[in-house]
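The sequence and structure come first, and the text follows them.

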Amino acid sequence: TESDLRKGRLSRARFDRAVLTNANLSFSNISPDASFSHARTQRALFQRCCLRGADFSFADLSGSYLQDADLRGADFEGATLSGIHLARADLRGCKGLPWHQIDLARGATVTKSDYDAIQGLTDEKKARLRLRVVCDGPQQ
């Protein structure tokens, strides 16, 4: 709780079931394939983090800040994301994002396929997310 891990090099870190409430992991390089499965990371800061392929399955990220984070290929199956901030995050290839819980994703990047696969939202709600939709293709 309230841990300060800013600018950490936490490659393949395992935070499964960890309690990281109010933790600051901003500017950290946590990927590839770090795991936060079933973790409680409410109100945590992950700004400009590299979290490619991270496992957030069944984690509680309520109120967390992931602006400008690289989340390509991350798994959010069963995660709680209410009040999460995903502005300008790279969400290409993410799995299991509960879009109905996400309000703040302005400028976040998704592929056309990802965008078309968003279910359970009206076109108006999808438009309010103000996502940056890019062509499908290799992720750089």
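Asp68 and Arg48 form a salt bridge through their side chains, with N and O 3.9 Å apart; the term stands for a side-chain nitrogen of Lys or Arg within 4 Å of a carboxyl oxygen of Asp or Glu. Both residues lie in the segment before strand S1 (109-111), so this bridge ties together parts that are 20 residues apart in sequence. Helices (H or I, at least four residues) and strands (E, at least two) are DSSP runs, numbered from the N terminus. Asp68 is partly exposed at 27% relative accessibility, while Arg48, at 54%, is exposed. Here buried means under 20% relative accessible area, exposed over 50%, and partly exposed in between, with a 1.4 Å probe and protein chains only.

The model is predicted: local features need pLDDT of at least 70, side-chain atom pairs count only at pLDDT 80 or more, and totals for chains, interfaces and linings use all residues. Residues are numbered from 1 along each chain as its sequence is written, and side-chain values use heavy atoms, with hydrogens and water left out.

**Further salt bridges**

The count of salt bridges comes to 11.

| Salt bridge | N to O distance |
|---|---|
| Lys112 and Asp116 | 2.9 Å |
| Arg128 and Glu124 | 3.2 Å |

Lys112 and Asp116 belong to helix H1 (residues 112-117), where a spacing of 4 residues separates them by about one helical turn. Lys112 is partly exposed, at 42% relative accessibility, and Asp116 is partly exposed too, at 46%. In helix H2 (residues 123-129), Arg128 and Glu124 are likewise 4 residues apart, or about one helical turn.

Another charged side chain is placed against a ring: the charged end of Lys126 sits over the ring of Tyr115, 4.5 Å from the ring centre. A charge sits over a ring if NZ of Lys or CZ of Arg is within 6 Å of the ring centre and within 35 degrees of the ring normal.

**Aromatic pairs**

There are 5 aromatic pairs in the model. Rings of Phe, Tyr and Trp (its six-membered ring) pair if their centres lie within 6.5 Å; planes under 30 degrees apart count as stacked, over 60 as edge-to-face and the rest as tilted.

Phe36 and Phe46 form an edge-to-face pair, with centres 5.7 Å apart and planes at 85°. The two residues are 10 apart in the chain, each in the segment before S1, and the pair links distant parts of the chain. Phe36 is buried at 0% relative accessibility, and Phe46 is buried with a value of 0%. Phe56 and Phe76 form a stacked pair, 5.1 Å centre to centre with 5° between the planes. Phe56 and Phe76 are both buried. Ring pairs join Phe15, Phe36, Phe46, Phe56 and Phe76 into a cluster.

**Nonpolar core and contacts**

Which residues touch the most other members of the largest nonpolar core? They are Phe36, Leu51, Phe56, Leu71, Phe76, Leu91 and Trp99, out of 40 residues in that core. A nonpolar core is a set of buried Ala, Val, Leu, Ile, Met, Phe, Trp, Tyr and Cys residues joined through side-chain atoms within 4.5 Å.

Contact means heavy atoms within 4.5 Å. Beyond its neighbours within four places in sequence, Phe76 is in contact with Phe56, Leu61, Leu71, Leu81, Cys94, Lys95, Gly96, Leu97 and Pro98. Ser37 is in the segment before S1 and is buried, at 11% relative accessible area. Not counting residues up to four places away in sequence, Ser37 touches Phe15, Asp16, Arg17, Asp55 and Ser57.

**Cysteines**

A disulfide is a covalent bond between the sulfur atoms of two cysteines. The criterion used is a pair of cysteine sulfur atoms within 2.5 Å, and the count comes to 0 disulfides. For Cys49, the closest cysteine sulfur is that of Cys50, 8.5 Å away and too far for a bond. For Cys94, the closest cysteine sulfur is also in Cys50, at 12 Å, again too far for a bond. Cys49 is buried at 1% relative accessible area, and Cys94 is buried at 14%.
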